[in-house]
Amino acid sequence: MLSLGLNRPAKRNALNDGIILAIQDCFTNLPESVGAVVIHGIGDHFSSGLDLSELTEQDATEGLRHSQMWHRVFDRIQYSRVPVIAALKGAVIGGGLELACAAHIRVAEPSAYFALPEGQRGIFVGGGGSVRLPRLIGVARMTDMMLTGRVYSATEGAAYGFSQYLTEAGGALPKAMELAERVAANAPLTNFAVLQALPMIAEANPQTGLLMESLMATVAQSDKEAKQRIRAFLDRKTAKVKPT
Ligand SMILES: COc1cc(/C=C/C(=O)SCCNC(=O)CCNC(=O)[C@H](O)C(C)(C)COP(=O)(O)OP(=O)(O)OC[C@H]2O[C@@H](n3cnc4c(N)ncnc43)[C@H](O)[C@@H]2OP(=O)(O)O)ccc1O
């Protein structure tokens, strides 16, 4: 498992090109031995979003390139070979929220708060937020966040389907690490199906989706590893499913 810490606490982990390129580098050169990645913020916050000082000199052409560069990097996260878990605390704002959207699992602690102050800054989201966030919380809530600048609490984030886990204070990173260990222990083909096929199946028309599901299921269950894991359960060598 690999832990990736956003490390600019003096600027509340504002995302400058250096951080974005470091994320890209991490996902481009992910060692084969890594089975999951945890992204978190060093200090009291996850991220305060785009480093606003980078916008002051940008013209439209540079802005377009910049936004598309973020799209490529955040796509690397979403379409990563391994599950990516975001551990959220403090500010999860603007581009920081968009970064968290690209992860597969979000774990928040009570200090986490979510906002899109782009409206107040006179800009629009540019890191894939308008595609990913409505799929998590719905267009109506994102519209409210952008128009009114409303700040959602950690509790609201969990209630509205943004964070799948809400922990006690200080618990987001430990919980994210625990989950990373668990997901890294899955068969690689199961993780492949969940990360690559499931999002496409969910967006496909039902007939296409069902066909894709059958094909993916057949590939996974035909694999040697699935046979071994199923045999181990039938021989009572692995744990039963237990409520947590
Ligand atoms: C790629 O293409 C794109 C991308 C985007 C993305 C857009 C966005 O992300 S919009 C959101 C931008 N972020 C904000 O508006 C948040 C601004 N920050 C705050 O409100 C506060 O700093 C805080 C996060 C709530 C924390 O408050 P506090 O703990 O009191 O700390 P401060 O004293 O305010 O700040 C300390 C220090 O950090 C600097 N800083 C904080 N956030 C940022 C930031 N986002 N950018 C730059 N610098 C930041 C702050 O200035 C202080 O610096 P000092 O030097 O004074 O110490 C859209 C479109 C595209 O095409």
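Me: Which residues of α10 and α11 meet in this model?
Reply: Contact here means heavy atoms within 4.5 Å. On the α10 side, Ala 220, Gln 221 and Ser 222 meet Lys 224, Ala 226 and Lys 227 of α11. Keep in mind that this is a predicted model, where local features need pLDDT of at least 70 and side-chain atom pairs count only at pLDDT 80 or more, while totals for chains, interfaces and linings use all residues. Residues are numbered from 1 along each chain as its sequence is written, and side-chain values use heavy atoms, with hydrogens and water left out.

Me: At what angle do helix α10 and helix α11 pack?
Reply: Start with the elements: helices (H or I, at least four residues) and strands (E, at least two) are DSSP runs, numbered from the N terminus. Axes are lines fitted to C-alpha atoms, for helices over the stretch in contact, and angles run from 0 to 180 degrees between N-to-C directions. Helix α10 (residues 206–222) and helix α11 (residues 224–234) have axes 5 Å apart and an angle of about 70 degrees. The two are therefore roughly perpendicular (under 35 degrees is roughly parallel, over 145 roughly antiparallel, 65 to 115 roughly perpendicular and the rest oblique).

Me: How do I read an aromatic pair, and how many are there?
Reply: A pair of aromatic rings is described by the distance of the centres and the angle of the planes. Rings of Phe, Tyr and Trp (its six-membered ring) pair if their centres lie within 6.5 Å; planes under 30 degrees apart are stacked, over 60 edge-to-face and the rest tilted. The count comes to 3 aromatic pairs. One of them is the tilted pair of Trp 70 and Phe 74, with 5.4 Å centre to centre and 45 degrees between the planes. Both residues belong to helix α2 (residues 60–78), 4 residues apart, about one turn of the helix.

Me: Is Trp 70 buried or exposed?
Reply: Buried means under 20% relative accessible area, exposed over 50%, and partly exposed in between (1.4 Å probe, protein chains only). Trp 70 is buried at 4%, and Phe 74 is buried at 0%.
Another pair, Phe 114 and Phe 162, is edge-to-face, with 5.0 Å between centres and 65 degrees between the planes. This pair links distant parts of the chain, 48 residues apart: Phe 114 is in strand β6 (residues 113–115), and Phe 162 is in the loop between α7 (154–159) and β8 (165–166). Phe 114 is buried at 2%, as is Phe 162 at 3%.

Me: Which residue lies over the face of Phe 162?
Reply: A charge sits over a ring if NZ of Lys or CZ of Arg is within 6 Å of the ring centre and within 35 degrees of the ring normal. Arg 106 lies over Phe 162, 5.1 Å from the ring centre. Likewise, the charged end of Arg 150 sits over the ring of Tyr 152, at 4.2 Å from its centre.

Me: In what order do the strands of the open sheet run?
Reply: Strands of a sheet pair through backbone hydrogen bonds, either parallel or antiparallel. Two strands pair if DSSP finds at least two bridges between them. Here 3 strands form an open sheet, ordered β4-β6-β7, with mixed pairing. At the edges stand β4 (91–93) and β7 (152–153), each with a single partner strand, so one side of each has no neighbour in the sheet. The β4 and β6 pairing is parallel, over 3 bridges, and Val 92 has Phe 114 in β6 as its bridge partner.
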